[in-house]
Amino acid sequence: MQVLQCVWTETGKEAVAPRVIYYALRLLMFVLSFVLEDWAIHDLVQSPQERRVAVVLVASSYVTWTYQTHTFSNAIETLVVLWSLVMTQRILDHQHRSSILSSALLGSLVAFGLFNRVTIPAFLLPSGLYLVPHFLRKPFSLLALCMTFILTSILAIAVDTFFYHPSSTESIFQILRSDPTITPLNSLLYNASTSNLSLHGLHPPYQHLIASLPLLLGPALLLCWYIRKPSLSIVSALSATVILSLIPHQEPRFLLPAVPLVLSSISVPRYGALRRSWFISWIIFNAILGVLMGIYHQGGVVPAQLWLGEQQQHDSEIAQVFWWRTYSPPVWLLGGKELDTVDLMGTKAEEMMDRVLGAIDGHKGDGPRSIGLVAPRSSVDLDAWITKTKNRIVFEQMWMTKCHLNLDDLDVGEDGVRGTFERVVGRRGLVIWKVSRHPEAHR
């Protein structure tokens, strides 16, 4: 970002536009995925013939060119898992040596991955067990791993503490002693509470098996019966699937690192109509899911946030915006503008209504107050609220995009399967409403 800032100042502008930062980060993630992911696959798959197939499968997967080009923590976790396995494999391939450099790099990678996503041990548990005999024989390797893990963790704690205490008058060393920000611990404490997870949705233990894996792998899941041979990659993918299935809240993106691990371990049909049919189904699956997940699924969140940030430059009368039933809005896209953003996540409609009305009625300034509400266009709960309160609450549509699908609304209700599908797809879109009391309601 510092390089981008230096280039941007040459244009005569002081601050880099959020839109430019967003696309620069997308480009960076594409390059990282293109270079580091393929490189890791080359190291993990030994046979040249199998390596070519693995690289093609990973590159043609919609997961690679949608999720992996986003700035998701899961995308970064994928790269960290892959390279942690590469370091593990290098240590195991040269057990007669101490492999201090590989051990040191592995320690830094694990620490970085842990502060990025606390779920990474689920993927790296098998590799850790594989390394126990080596560390018993070569204790200096374990020492190198522990030292780099601790040093990287201290650096991560310092960076996070400084980030979350930007206006503190104390020195960074004083804050680290009194109130350090330890991200993995905070994440564990948050996710240990079922009430917190219920805000995001609770799922049965088999959710990953019957929904997440088929959604991520498609026809490749059928080939899991034809694993070439048990490897560190496939064991890591299996370990993560089992462990993460024990967590009540489950999303497909939690298993992103498992995708290249599985695709680099399976064997595709070699001859005849079966091979041709499988590849046709693979191409169709990834084309459809690429459009759905790469363009439409929650596709309106970033454009909506960019639009809100641009409106704040013109003294918008909206000072608070509620986001409902969307991904968490990236507040940095506002470009530092003062706009109170409240993420209601998947709260019930009644609670959302209470929060919005409370914000309107709690205004102490002169005149009526307007509140922003960002919600899926397909929400029937919002339809009922607008109809019910049309004489008391004014809903003004300020912005709308049809390039947005809210797949959470696919829960089948009174309108049945066909009616639900027609509503979610036919009424796709994301709307920014300006909500205020009706003028007559103040008299």
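Q: Why is Phe72 called partly exposed?
A: Phe72 has a relative accessible area of 23%. Buried means under 20% relative accessible area, exposed over 50%, and partly exposed in between (1.4 Å probe, protein chains only), so Phe72, at 23%, falls into the middle class. The model is predicted: local features need pLDDT of at least 70 and side-chain atom pairs pLDDT 80 or more, while totals for chains, interfaces and linings use all residues. Residues are numbered from 1 along each chain as its sequence is written, and side-chain values use heavy atoms, without hydrogens and water.

Q: What makes the rings of Trp39 and Trp83 a pair, and of which kind?
A: The whole structure holds 13 aromatic pairs. Rings of Phe, Tyr and Trp (its six-membered ring) pair if their centres lie within 6.5 Å; planes under 30 degrees apart count as stacked, over 60 as edge-to-face and the rest as tilted. The centres of Trp39 and Trp83 are 5.0 Å apart and their planes stand at 85°, so this pair is edge-to-face. Trp39 belongs to helix 2 (residues 18-44) and Trp83 to helix 5 (residues 73-93), 44 residues apart. Helices (H or I, at least four residues) and strands (E, at least two) are DSSP runs, numbered from the N terminus.

Q: What is the pair of Tyr67 and Phe72 called, and why?
A: Tyr67 and Phe72 have ring centres 6.1 Å apart and planes at 45°, which gives a tilted pair. Tyr67 is buried, with 6% relative accessibility. Both residues are part of one aromatic cluster, which also includes Trp278 and Phe285.

Q: How do you know how many disulfides there are?
A: A disulfide is a pair of cysteine sulfur atoms within 2.5 Å. By this rule the count is zero. Cys146 is partly exposed at 34% relative accessibility, and Cys224 is partly exposed at 27%.

Q: What makes the link between Thr119 and Glu77 a polar contact?
A: Their side chains come to 2.9 Å. A polar contact is a pair of N or O atoms within 3.5 Å; within protein, one must be able to donate a hydrogen and the other to accept it, and residues adjacent in sequence count only if both atoms are side-chain atoms. Thr119 sits in the loop between helix 6 (100-116) and helix 7 (120-137), and is buried at 14% relative accessibility.

Q: Why do strand 2 and strand 4 count as edges of the sheet?
A: Five strands form an open, mixed sheet in the order 2-1-3-5-4. Strand 2 (340-343) and strand 4 (393-401) each have a single partner strand, so one side of each is left without a neighbour in the sheet.

Q: How do you know that strand 4 pairs with strand 5?
A: Two strands pair if DSSP finds at least two bridges between them. Strand 4 and strand 5 (residues 430-437) are joined by eight bridges and run antiparallel. One of the bridge partners is Ser436 in strand 5, which pairs with Val394.

Q: How are strand 1 and strand 2 joined?
A: Four bridges link strand 1 to strand 2, and the two run parallel. Trp323 stands opposite Asp343 in strand 2.
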